[in-house]
Amino acid sequence: MASIRELHQQLVRKERSAVEIATEALERVQALEPKLHSFISVTADRAIAQAQQVDAKIAAGEAIGPLAGIPIGIKDNLCTQGIRTTCGSRILENFVPPYESTVTQRLFDAGAVMVGKTNMDEFAMGSSTETSAYQVTANPWDLERVPGGSSGGSAAAVAAGQCVVALGSDTGGSIRQPASLCGVVGMKPTYGLVSRYGLVAYASSLDQIGPFARTVEDAAILLKAIAGHDPQDSTSLKVEIPDYAAALKPDFKPRGKLRIGVIQETFGEGLDSTVEAAVTTAVETLQELGAEIQVINCPQFRYGLPTYYIIAPSEASANLARYDGVKYGFRADNPENLLDMYAKTRAEGFGAEVKRRIMIGTYALSAGYYDAYYLKAQKVRTLIKQDFERAFQKVDVLVCPTSPTTAFKAGEKTDDPLSMYLSDLMTIPVNLAGLPALSLPCGFDDQGLPIGLQMIGNVLREDLLLSVAHAYEQATEWHKKAPMI
């Protein structure tokens, strides 16, 4: 499918209509869904109606923005008024939000066309989209492999051309890791840059909404549309939002002024040799483009995984306490009393991984263990943040692998939660520090599976991050490859 810029020009020149573009996307969704299972809900009628509104504006001679008429997928943990929002869970199987999330409202105001709500790990808890209560999404590059998670549906949909761009949420790597496994661009913005109002919470101090796209420019356009202060989100930052796409350049100028740090702790045991080779080659390309390369030590980086799996489940145990069968969502049949209704509803409504994380979090917050686990994890979180702060005194951007491996086969890690958790080894520290980061393709392994390069920026330096990524993208051909599906 064409880029945002190309489709926008076609619409403005009246070479194609928004309805034609939406119909083409919906036809591709229909053709590929039996194989991919990217979407929980397909909103065909809504998409055509939104496209008709764009065509009416064009016919009336009104100016349209870059996202007008662009087919987009929305992760199913973002509330969409009047449209089912399940979070990939049985407990919200029939939940239809009475309000719109801030990010989707901004997109609809910009004229974007929603083709559907994408599949995800239940309540965003997972790294493979296999914990969804409804279906397992396939990786477009190899249908026997996972697309990553928890935003696997969005990543797969963009990679397969079912939509031009998509939204995901990233709590510990849930945008970047599936972007890596599916060979697309995925970005987690600075914490607070994008409103979380209407995002169904997993871990509130870590969650952040971000874009999926085939190119860095498309990701930049989508980020500009969703970023900005929102009075309905108390953690939303009051900052000026630059035109990220307008600042993109094909190279680094002046040469030698850009300092890029390679995080030493991300290389070594557990990293697939083909991933290491591809990332090393990518670093050499960045050096050839004029960047000064340094090796950077972040010694606390290795503690990100255990720290995350104390903090995130603790916040989840509190956030998910609201699903009790009283006000909305699933309610178990024939309970004996109120307590029995709570217990049966949660036992039947939640999947195994969600239950596991609720139990871990409840244990970590319990009397006698709070100081030993949760409080200590928060202290280590501060140390990780300080590591990044010291690193950014020396360099402008950090790079490392996004995922330690390429896409693994479906079912390979479902019975080994610890092995599954290691999939987010490289991405979690960024969330703990609230920094912006993105993943973009940097090669393929010997089985033709995509490899992702992670770039990490300092707080609110999305502009620099996107510029570096764009320059690398323009110097390589990886983003031009697409799965033959």
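**Figure 1. A391 and its contacts.** Setting aside neighbours within four places in sequence, A391 is in contact with I296, C298 and L398 (contact means heavy atoms within 4.5 Å). This is a predicted model, where local features need pLDDT of at least 70, side-chain atom pairs count only at pLDDT 80 or more, and totals for chains, interfaces and linings use all residues. Residues are numbered from 1 along each chain as its sequence is written, and side-chain values use heavy atoms, with hydrogens and water left out. A391 belongs to helix 12, residues 370-394 (helices are DSSP runs of H or I with at least four residues, strands are E runs of at least two, and both are numbered from the N terminus). With 3% relative accessibility, A391 counts as buried (buried is under 20% relative accessible area, exposed over 50%, partly exposed in between, with a 1.4 Å probe and protein chains only).

**Figure 2. P140 and what it touches.** P140 sits in the loop between strand 3 and helix 5. At 5% relative accessibility, P140 is another buried residue. Not counting residues up to four places away in sequence, P140 touches L36, A156, A159, A160, C182, P483 and I485. Take A156 from that list: P140 and A156 are 16 residues apart along the chain, and 6.2 Å separates their C-alpha atoms.

**Figure 3. Y323 in a cluster of rings.** Ring pairs link F95, F123, Y323, Y328 and F350 into a cluster, and a search of the whole structure turns up 15 aromatic pairs. (Rings of Phe, Tyr and Trp, the last by its six-membered ring, pair if their centres lie within 6.5 Å; planes under 30 degrees apart count as stacked, over 60 as edge-to-face and the rest as tilted.) F123 and Y323 have ring centres 5.0 Å apart and planes at 45°, so this pair is tilted. The pair links distant parts of the chain, 200 residues apart: F123 is in the loop between strand 3 (113-118) and helix 5 (152-159), and Y323 is in the loop between helix 9 (304-319) and helix 10 (338-349). Y323 also pairs with F350, this time edge-to-face, at 6.3 Å centre to centre and 90° between the planes. F350 lies in the loop between helix 10 and helix 11 (352-365), so its pair with Y323 ties together parts 27 residues apart in sequence. Y323 is buried at 4% relative accessibility, and F350 is buried too, at 5%.

**Figure 4. Two charges over rings.** R46 lies over the face of F108, 4.8 Å from the ring centre. K413 does likewise with F408, at 4.3 Å from the ring centre. (A charge sits over a ring if NZ of Lys or CZ of Arg is within 6 Å of the ring centre and within 35 degrees of the ring normal.)

**Figure 5. Two nonpolar cores.** The largest nonpolar core has 91 residues, and L167 and M455 touch the most other members. A second, separate core has 48 residues, including F301, I310, V395 and I456. (A nonpolar core is a set of buried Ala, Val, Leu, Ile, Met, Phe, Trp, Tyr and Cys residues joined through side-chain atoms within 4.5 Å.) As for the rest of the picture, buried residues make up 60% of the 485 in the protein chain.
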